Amino acid sequence: MSVENNSKIIKILFTIPNFDTAGSGIPLLKIAQKLDREFFTPEIACLHGKGHLFQDVKESGIKVHFVDLYINARPIYRMLWGCFQLSRVFKRINPDLIHSYNYAADYTEPLAAKMAGIKWVYTKKSMSWRGPSYRGWKLRSWFADGIICQNTEMVRTFFPSWEKVKLIPIGVDVDEYKNKSGNTDIKNQWGISENTRLVISVANLVPVKGIEILIGAFELLSNNHPDWKLIIVGNDTTEYGLKLKKNVSKKRHLKGKIIFTGKQKSVRDFLDISEIYVQPTLNKGRKEGAPISILEAMANGKIIIGSNISGICDQLEPFPEHLFKAGNLAKLSNKMKKFMSNDRKTNKMLGEKFFDHVKDYHHLSNERKKLGYFYQEMISK
């Protein structure tokens, strides 16, 4: 069944905690904006309107509802009453389908949707499953009418033989992240000379991201590659981020060679001036579901190096030689050395292969089409 054969416009209510600290805000907004209005009407429910990204939500013209979406699970009688009240809110909004972008193990929202008689689906982004949240994930998944997975390991490990599970890889707006040459303003802002060459990583600085492995690998190469610097983009005010900066500041031979930019609204500006992108996530804890930063770097024509773990190995499937064993500093250093030894022209040609791949297989339009068919399938059941 195709979306085009559907005569009824389907109203989708996207739910998310907020557009401030929730990392899924950008992917949600991109999809909501790109849905074909001939077949779908998107609306959004969240807790509040804080954060600079919410300004983009307002400018999109998409209707927003401020709703207390998440209920304390204990005591049970209060949880059930809270879910009933939330179900009344859902009934007033009256969507045909609720799509949750809350990536936590909450099961009160789908229970409220069940009470309201509204189909409810969620996107499984993170690789968290076992441990204290296991019961929550199982209940969330059991209540769901449909589950969207973003990498193959999720399907294989969490939901073997589950018919309501669909693999829909995350997409990126390729046009938005295309390289814009001659980006001199950002170089001037950060005191980067024209001769400087850059390795870049983009991450919210938490321990699982493995940035200390990247710093160590770069440190091994820095003396023999004096033209190169490492630039790390992302929130560096975390305990982990502050520790990384403190450790780097103690090493005189790294002075001026590693740049922490903090959280930035325009990541593309920093990608524009870089050549190599590294995702050194560790193989533990929540790992990676489907890192959008890799796809953004591909769309910008960067050479990608990533740890061989879930999510990343899916995205780099055609480029196995660009994967390294997670946590192995020496292996990463060897991968980086190969490309840091190339001239700019060679690296640019290699980066074009990554651009072609993301354009053909991970374009946002691909994700939008697959979601459209998925929504249609959910409504028809």
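In this predicted model, a search of the whole structure finds 18 aromatic pairs. One of them joins W129 and Y134, whose ring centres lie 6.1 Å apart while their planes stand at 80°, so this pair is edge-to-face; the cut-off for that label is an angle over 60 degrees. The two partners can also be described by their accessibility: W129 is buried, with a relative accessible area of 5%, whereas Y134 is partly exposed, at 26%.

W129 and Y134 belong to one aromatic cluster, which is formed together with W120, Y122, W137, F158, F159 and W162. The charged end of K124 sits over the ring of W137, at 3.9 Å from the ring centre, and the charged end of R140 sits over the ring of Y122, at 4.6 Å from its centre.

Helix α12, made up of residues 292-299, and helix α15, made up of residues 344-361, have axes that come within 7 Å and cross at roughly 120°, and the crossing is left-handed. On the α12 side the contact involves L295, M298 and A299, which meet F354, F355, H357 and V358 of α15. Of the residues in this contact, six are nonpolar and one is polar, while none is charged.

Methods. Residues are numbered from 1 along each chain as its sequence is written. This is a predicted model: local features need pLDDT of at least 70, side-chain atom pairs count only at pLDDT 80 or more; totals for chains, interfaces and linings use all residues. Side-chain values use heavy atoms; hydrogens and water are left out. Rings of Phe, Tyr and Trp (its six-membered ring) pair if their centres lie within 6.5 Å; planes under 30 degrees apart count as stacked, over 60 as edge-to-face and the rest as tilted. Buried means under 20% relative accessible area, exposed over 50%, partly exposed in between (1.4 Å probe, protein chains only). A charge sits over a ring if NZ of Lys or CZ of Arg is within 6 Å of the ring centre and within 35 degrees of the ring normal. Axes are lines fitted to C-alpha atoms, for helices over the stretch in contact, and angles run from 0 to 180 degrees between N-to-C directions. Helices (H or I, at least four residues) and strands (E, at least two) are DSSP runs, numbered from the N terminus. A crossing is left-handed if the near helix is turned anticlockwise from the far one by less than a right angle, and right-handed if clockwise. Contact means heavy atoms within 4.5 Å. Ala, Val, Leu, Ile, Met, Phe, Trp, Tyr, Cys and Pro count as nonpolar, Asp, Glu, Lys and Arg as charged, and the others, Gly among them, as polar.
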